[in-house]
Amino acid sequence: MLSFENDYSRAAHPAVLDAVVRANEHLYSGYGSDELTAQAKAKIREACDCPNADVWFLVGGTQTNQVVIDTITPPYAGVVTVTSGHPNVHEAGAIEFSGHKVLTLPHHNGKMDAAELDEFCKTFYADGNYEHMVFPGCVYVSQSTEYGTMYNKAELEALADVAHTYDMPLFVDGARLGYALTATGSDLTLPDLARIADVFYIGGTKVGALFGEAVVFTKNNTPKHFLTQIKQHGALLAKGFVLGAQFDALFTDDLYLKIARNANVAADRIREALKTKGYQLAFEAPTNQIFVTLDQPTIDRLVQHVKLGFTEKADDTHTVMRICTSWATTKEEVDQLIELL
């Protein structure tokens with residue numbers, strides 16, 4: 001049975017597993033106060049070309065989104081995202097659970113439009129009753145998006161400009177950041193992101209780690225007592241050195257970007273095969289997520305041999321299904337899938 005269901009079905013890259021095994025031969029201090037974690041943070045700062053970046057390792061994506069949004073957003077404010085944004089549709093109300101309303105804008109193939117963000121904020125502050133309402137307190141976008149699309153440098157800069165005009169930080173969810181940075185046509189680098197965003201994270205769970213995300217604050221803007229607040233949210237790992245070991249491996253010899261590129265190469269081959277065979281892509285996306293509109297007989301035939309992801313109903317007889325490659329996808333698996341299409 002082939003699996004193109006998601007990009008975290010394989011446990012971890014061998015180099016990451018080897019790093020954890022080697023870490024197991026030593027004794028380390030807890031909660032990320034160890035030398036492995038310090039070494040990993042230094043490598044991430046270097047990769048970001050941001051010597052003053054403050055780096056923290058958290059256990060997973062939802063925990064990271066909740067902790068960051070809760071700590072950077074005033075208690076009287078909400079987070080602005082698009083309707084398809086992860087905090088709005090796929091985190092079980094975690095953001096509202098911590099006391100912040102999710103304020104939504106329309107998405108454009110998963111992306112937020114800077115002009116619409118500006119109009120949203122302008123309209124809010126033009127309302128004479130705005131003191132009685134939930135303020136827009138921070139801006140959340142994901143790179144790549146939930147639809148596999150990605151922001152270019154100019155688009156992120158425009159969003160940051162609008163956010164800062166209204167005194168909001170820009171938070172970039174990088175659960176699939178490696179796939180965005182290495183996609184064909186990407187003009188954004190890690191140093192660019194560190195310069196533009198106020199805080200972002202480098203996803204490990206979906207890009208080669210056993211688990212874990214690296215949060216990067218780039219403007220000397222780490223929330224006060226951030227470690228304490230991470231722990232309050234249940235996202236602080238006692239064996240923090242396990243996270244440190246993993247990210248140390250991922251940021252040695254550009255491993256993170258090298259393995260992410262593999263997913264995009266695989267996805268490009270599948271996209272080309274789908275087009276050649278006459279399938280209808282729901283929209284163009286250059287990263288590791290492919291969304292294709294299929295009729296039910298085709299779905300029934302394919303799922304006998306390959307796991308796919310459900311996205312949404314297109315109409316009464318068609319469904320948008322997701323084909324997702326990963327850092328671990330092999331050429332042989334791609335060949336087999338193409339043969340089945």
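Reader: What makes strand β10 and strand β13 count as paired, and in which sense do they run?

Author: In this predicted model, strand β10 (residues 289-295) and strand β13 (residues 318-324) are joined by seven bridges in the antiparallel sense. One of the bridges can be named: the partner of Q289 in β13 is C324.

Reader: What is the order of the strands in the open sheet that contains β10 and β13?

Author: The sheet has four strands in the order β9-β10-β13-β12, and the pairing is antiparallel. β9 (280-281) and β12 (309-313) each have a single partner strand, so they stand at the edges, and one side of each is left without a neighbour in the sheet.

Reader: Is N6 buried or exposed, and how do you know?

Author: The relative accessible area of N6 is 13%, and the cut-off for buried is under 20%, so N6 is called buried.

Reader: What makes the approach of N6 to S9 a polar contact?

Author: The distance that joins the side chains of N6 and S9 is 2.6 Å, and the limit for such a pair of N or O atoms is 3.5 Å, so the pair falls within it. The side chain of N6 also has a polar atom 3.0 Å from the backbone nitrogen of Y8.

Reader: Why is strand β7 described as largely enclosed by the rest of the structure?

Author: Five of the five residues of β7 (residues 199-203) are buried, so the description follows from the count. Both faces are covered, with V199, Y201 and G203 buried on one side and F200 and I202 buried on the other. In a regular strand the side chains alternate between the two faces of the sheet.

Reader: How do you know which strands pair with β7, and in which sense?

Author: Two bridges join strand β6 (residues 170-173) to β7, and these strands run parallel; the rule asks for at least two, so this count meets it. Five bridges join β7 to strand β8 (residues 213-217), and here the strands run antiparallel. Among the individual bridges, F171 has V199 as its partner in β7, and I202 has A214 as its partner in β8.

Reader: How does the reach of helix α6 compare with what is expected for its number of residues?

Author: Helix α6 (residues 114-126) has 13 residues and reaches 18 Å from its first C-alpha to its last, close to the 18 Å expected at 1.5 Å a residue. At its N-terminal end α6 is capped by D113, a side-chain oxygen of which lies 3.1 Å from the backbone nitrogen of A115.

Reader: Which residues of α6 are buried, and what shows where they sit around the axis?

Author: A114, L117, C121 and F124 are buried in α6. They cover an arc of only 90° around the axis, which puts them on the same side of α6. The face turned away from that side carries the exposed residues A115 and A126, while the cover over the buried residues includes β3 (77-82), β4 (102-105), β5 (135-142) and α7 (153-165).

Reader: What makes the buried residues of α1 line one face of the helix?

Author: The buried residues of α1 are V16, A19 and A23. Seen down the axis of α1, these residues fall within an arc of 60°, so they line one face. P14 and V21 are exposed on the other side of α1, and the buried residues pack against α2 (35-48) and α11 (240-250).

Reader: How many disulfides does the model hold by the distance rule?

Author: The count comes to zero. For C50 the nearest cysteine sulfur, that of C48, is 6.6 Å away, and the rule requires two sulfur atoms within 2.5 Å, so C50 is in no disulfide. C138 is likewise in no disulfide, since its nearest cysteine sulfur, that of C121, is 11 Å away.

Reader: What are the relative accessibilities of C50 and C138, and are these residues buried or exposed?

Author: C50 has 13% relative accessibility and counts as buried, and C138, at 0%, counts as buried too; each value is under the 20% cut-off, so the word applies to both.

Terms used:
Residues numbered from 1 in each chain as written. Predicted model: local features only at pLDDT ≥ 70, side-chain atom pairs only at ≥ 80, totals over all residues. Heavy atoms only, no water. Buried < 20%, exposed > 50% of the residue type's maximum accessible area, 1.4 Å probe, protein only. Polar contact = N/O pair within 3.5 Å; in protein donor to acceptor, adjacent residues only side chain to side chain. Expected span 1.5 Å × (residues − 1). Arc of directions from axis to C-beta. Contact = heavy atoms within 4.5 Å.
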